[in-house]
Amino acid sequence: MAEQARYEELIRQFSAFGAVKREMGRMMPSECPAGSAAVLTLLGRYGDMRMSKLSELLAVDMSVTSRHVAHVAERGWIERSPDPADKRSRILRLTPAGRSLLDQLSRRTCHMLAERMSDWSDDEVAQLTTLMARLRASFDDTRTHDTHGREPRRPEPRRPEPRPPAPPVHEQTTRTPAITQ
């Protein structure tokens with residue numbers, strides 16, 4: 001029963017975390033909702049890619065990805081060009097306007113997090129980052145289900161790789177807004 005209580009508390013914390021995500025969403029420009037910010041973030045992080053790869057990284061259906069891509073393309077933040085390897089496919093890439101917006105979103109997000117977490121130590125922020133990445137990896141690892149209806153494969157426990165300490169916020173140069181799908 002103690003194990004169930006532990007996970008019930010975790011569920012409550014996940015629900016409460018929705019308020020954090022909503023507040024972060026409110027600081028985004030109205031013309032750039034969370035899905036658009038996620039598209040820009042992934043293109044900024046991984047570079048040019050096909051829509052199928054973007055859909056995989058967003059972990060959403062291709063139709064949802066297509067709507068997000070259309071939104072950012074209409075605003076001139078990305079361009080879609082024919083894939084030289086397969087003329088039926090398109091390669092997505094950030095435009096200078098998209099990169100500029102991504103930089104702005106990153107600055108806003110980093111500033112807000114630095115403000116709200118000002119009483120956290122660097123070690124606590126690093127620990128939270130490591131644990132959140134590990135949680136996300138646990139869900140990514142179990143997405144593959146057996147085609148015969150059996151339980152999903154459970155990965156071997158992994159130790160997170162050590163990360164170098166993050167630079168102080170005023171020197172932060174990352175282009176990764178915190179809002180992703």
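Modeller: A nonpolar core is a set of buried Ala, Val, Leu, Ile, Met, Phe, Trp, Tyr and Cys residues joined through side-chain atoms within 4.5 Å. Buried means under 20% relative accessible area, exposed over 50%, partly exposed in between (1.4 Å probe, protein chains only). The model is predicted: local features need pLDDT of at least 70, side-chain atom pairs count only at pLDDT 80 or more, and totals for chains, interfaces and linings use all residues. Residues are numbered from 1 along each chain as its sequence is written, and side-chain values use heavy atoms, with hydrogens and water left out.

Biologist: Which residues have the most contacts inside the largest nonpolar core?

Modeller: In soluble globular proteins, nonpolar side chains tend to be buried together. Here the largest nonpolar core has 21 residues, and C32, L40, L43, L54, I78 and L105 have the most contacts inside it. Two or more residues each come from helix 2 (34–46), helix 3 (51–58), helix 4 (62–74), strand 3 (86–94) and helix 5 (96–116). Helix 2 gives the most, with six residues. Helices (H or I, at least four residues) and strands (E, at least two) are DSSP runs, numbered from the N terminus.

Biologist: What is L43 in contact with, leaving aside its neighbours within four places in sequence?

Modeller: Contact means heavy atoms within 4.5 Å. With those neighbours set aside, L43 touches M49, I78, L92 and L94.

Biologist: How do I read the sheet? In what order do the strands lie?

Modeller: Two strands pair if DSSP finds at least two bridges between them. The three strands form an open, antiparallel sheet in the order 1-3-2. Strand 1 (49–50) and strand 2 (78–83) are the edges, each pairing on one side only. Strand 2 is joined to strand 3 by six bridges. The bridge partner of P82 is R90, in strand 3.

Biologist: Now the surface. Which residues form the nonpolar patch?

Modeller: Patches are made of residues with over 30% relative accessible area and no salt bridge; like charges are joined within 9 Å, nonpolar side chains (Val, Leu, Ile, Met, Phe, Trp, Tyr) within 5 Å. A salt bridge is a side-chain nitrogen of Lys or Arg within 4 Å of a carboxyl oxygen of Asp or Glu. Areas come from the Shrake-Rupley method with a 1.4 Å probe; for residues, only the protein chains shown count as cover. Y7, L10, F14, L135 and F139 form this patch, with about 480 Å² of accessible area together. Helix 1 (2–26) and helix 6 (122–141) each give two or more residues. Helix 1 has the largest share, three residues.

Biologist: Is F139 buried or exposed?

Modeller: F139 lies in helix 6. Its relative accessible area is 54%, so F139 is exposed.
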